[in-house]
Amino acid sequence: KQWINAEYGGVKNGTEGCIFTPVPHEIKGSEADQVCLKFFQGLKGTRKTPNFNDPEQIVHSCDDMMAQINVILGYVKQVSAGEIPMDKEIGRQLMEVVQSIPNLESDTITNMLNSHMQDLLAVEYLTYLTRQQLAIGARINQIL
């Protein structure tokens, strides 16, 4: 909950006080922010150091997505069988989601992932080289 204070006068002995009133609020964030928040919420109450392991995070995100797809699939099956009434707004939202998915071949996705991994390895290699050059420069300065 979120609160704001307001001055409240007329208290005995001429002192002023304050009263706290609730303020309506809404927390908004991007999907990436939500993934990070879920990750850190999972660490709540533990003393372990966070491990930012990309493949592990991808697997966890895929599991979450599969669970959501199963919920949607169950809803669609119930509507198709006539067990529950159809909601036009949900239908529109599902149609928007389906239309927003790019039509990519599996080879294209594989190439994109491989190029991303190659970029990460190149950055890691350049970081290592920079550290080594700085260490060599520091040693040369000590000698001179």
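The second largest pocket in this predicted model has a volume of about 310 Å³. Here a pocket is an open set of points on a 1 Å grid over the protein atoms alone, with protein on both sides within 12 Å along at least five of seven lines, and lining residues have an atom within 4 Å of a point. The volume is the space filled by probe spheres set on the points, which are joined across faces, edges and corners.

Which residues line the second largest pocket? They are Ile-58, Cys-62, Met-65, Ile-69, Leu-104, Ile-109, Met-112 and Leu-113. By class, that makes eight nonpolar, no polar and no charged residues. Helix α2 gives the most to this lining, with four residues. Helices are DSSP runs (H or I, at least four residues), numbered from the N terminus.

Leu-104, Ile-109, Met-112 and Leu-113 also make a nonpolar surface patch of about 360 Å²; patch members have over 30% relative accessible area and no salt bridge, with nonpolar side chains joined within 5 Å. Met-112 is found in helix α4.

The structure holds one salt bridge, meaning a side-chain nitrogen of Lys or Arg within 4 Å of a carboxyl oxygen of Asp or Glu. Arg-92 pairs with Glu-89, their closest N and O atoms being 3.5 Å apart. Because the two are three residues apart in helix α3, about one helical turn separates them.

Now for confidence, given as pLDDT (from 0 to 100 for each residue). The protein chain averages 82, and 90% of the residues score at least 70.

| Element | Residues | Mean pLDDT |
|---|---|---|
| Helix α1 (lowest) | 31-42 | 77 |
| Helix α3 (highest) | 88-100 | 88 |

Residues are numbered from 1 along each chain as its sequence is written, and side-chain values use heavy atoms, without hydrogens and water. Local features need pLDDT of at least 70 and side-chain atom pairs 80 or more, while totals for chains, interfaces and linings use all residues.

Technical notes. 1 Å grid on protein atoms, 1.4 Å probe; cavity = no way out; pocket = protein on both sides within 12 Å on 5 of 7 lines; lining within 4 Å. Nonpolar A, V, L, I, M, F, W, Y, C, P; charged D, E, K, R; others polar. Patch = residues over 30% accessible without salt bridge, like charges linked within 9 Å, V, L, I, M, F, W, Y side chains within 5 Å. Areas by Shrake-Rupley, 256 points an atom, 1.4 Å probe, with all protein chains shown as cover. pLDDT = per-residue confidence, 0-100.
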